[in-house]
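I opened this entry to keep track of what I looked up, from the whole chain down to single residues.

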Amino acid sequence: MDKKTLGAAGLEVSAEGLGCMGMSEFYGSADQVEAKEVIGRALDLGVDFIDTADMYGPFTNEKLVGEAIAGRRDKVVLATKFGNSRGENGEFLGVRGDPGYVRECCEASLRRLGVERIDLYYQHRVDPKVPIEETVGAMAELVEQGKVAHLGLSEAAPETIRRAAATHPIAALQTEYSLWSRDPEDEILPLVRELGIGFVAYSPLGRGFLTGRFRTLDDLPEDDYRRHSPRFQGENFDRNLELLAKVEQIAAEKGVTAGQLALAWVMAQGDDVVPIPGTKHRDYLEQNIAAAEVELSAEELRQIDEAAPHGSTAGERYADMSTVNR
């Protein structure tokens, strides 16, 4: 697989990564043996950019990833995150970015992952109670200590990004970006390009919606959090199916799946844009990886733009948008 470079410091990653969240939580149950096999297969096929977070599970996803990459650490660009605080029983305790918490989380992640250094360490959500300079300053100390190689932010607002980058180089900003989440095009993408920061697109398949696998809410597992997501509700769901139908038509004409077309579109947005589609099944992984070979012409990009223009998706990304874009 081709490589892309995140940030001015030159963090080189595969052109497509692998998001591991759904292997532990949120999208129904998962087979842990198969999940590890998916990670191994991704590495076999040239995907080296593996994304996790301490909150996934909670805490169990990092352990799973650590076990899956054991013996292959030199083949992996390992990214994890802190900031969304959770208890051992899964309860959400809020967002934290105080320096002591940053250090505590890093040590815990290193232990769970079974590694000596994290390649890319993100602040998962910005803590409005703590100046970003203090949080990033504590993260920078981890770089000085050799525990972290590069720093990242997730779902941060433009002014926060500027202040963070003035404190320490930021390799990547991770934010939701797909054919049904195009808000980063307004301010975020131009800003990170100005500052020399790479862009990592999470949920590039619209939380699976753009694959076409979900036609009704009943297609989702009972314990799937998407059942409560605004974009999967009532009239929003119906309107978004209309958008999907247009994407599917273009994909059929191209001879690819809707999901592959959606991923190829994200990858076509720039050499600094890296999607990290998540999956817990090997067959879906291989479909996603094949999208890296899909080339879109200027005319095809125009057709996709027309089918899924900025702002056409119905519903908010989250039921509670208060923790994003801080």
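How many helices and strands are there in the chain? I counted 10 helices and 12 strands. The model is predicted, and I read every value below with that in mind.

**Entry 1: the chain as a whole**

I looked up the radius of gyration next and found 19 Å. The globule rule gives 20 Å for 326 residues, so the chain is as compact as a globular protein of that length. Along the principal axes, the C-alpha atoms fill a box of roughly 55 × 40 × 40 Å.

I then checked burial and found that 57% of the 326 residues are buried. For contacts, I took those with a separation of 6 or more; 75% of them join residues 24 or more positions apart.

The surface came after that. The chain exposes about 13,400 Å², and carbon and sulfur atoms supply 46% of that area.

I also noted the charged side chains, 36 positive and 56 negative. The centres of the two sets lie 2 Å apart.

**Entry 2: backbone exceptions**

I went through the backbone with one expectation in mind. Most residues other than glycine have a negative phi, and most peptide bonds are trans.

Which peptide bond is cis? I noted the one from Gly57 to Pro58, where omega is near -5°. Pro58 lies in the loop between β4 (49-51) and α2 (60-69).

Phe59 is in the loop between β4 and α2 as well. I recorded a phi near 75° for Phe59, a positive value in a residue other than glycine. Is Phe59 buried or exposed? Its relative accessible area is 16%, and the cut-off for buried is under 20%, so Phe59 counts as buried.

I placed Glu155 in the loop between β9 (148-154) and α5 (158-167). The relative accessible area of Glu155 is 0%, so this residue is buried.

**Entry 3: aromatic pairs**

I listed the aromatic pairs and got 10 in the structure. Tyr177 and Phe199 form one of them, with ring centres 5.6 Å apart and planes at 85°. Planes over 60 degrees apart count as edge-to-face, so I logged the Tyr177 and Phe199 pair under that heading.

Where do the two partners sit? Tyr177 is in the loop between β10 (172-176) and α6 (188-195), and Phe199 is in strand β11 (residues 198-202). They are 22 residues apart, and the pair links distant parts of the chain. Tyr177 is buried at a relative accessible area of 0%. Phe199 is buried too, at 0% relative accessibility.

I followed Tyr177 to another partner, Trp265. This pair is tilted, at 5.5 Å centre to centre and 50° between the planes. Trp265 belongs to helix α8 (residues 258-267), 88 residues from Tyr177, and this pair also links distant parts of the chain. Both Tyr177 and Trp265 are buried.

Which residues form one aromatic cluster? I wrote down Trp180, Phe209, Phe232 and Phe237.

Notes:
Residues numbered from 1 in each chain as written. Predicted model: local features only at pLDDT ≥ 70, side-chain atom pairs only at ≥ 80, totals over all residues. Heavy atoms only, no water. Helix = DSSP H or I, 4+ residues; strand = E, 2+ residues; numbered from the N terminus. Buried < 20%, exposed > 50% of the residue type's maximum accessible area, 1.4 Å probe, protein only. Rg over C-alpha atoms; globule rule 2.2 N^0.38 Å. Contact = heavy atoms within 4.5 Å. Areas by Shrake-Rupley, 256 points an atom, 1.4 Å probe, with all protein chains shown as cover. Lys, Arg positive; Asp, Glu negative; His and termini not counted. Charge placed at Lys NZ, Arg CZ, Asp CG, Glu CD. Phe/Tyr/Trp six-rings, centres within 6.5 Å; stacked < 30°, edge-to-face > 60°.
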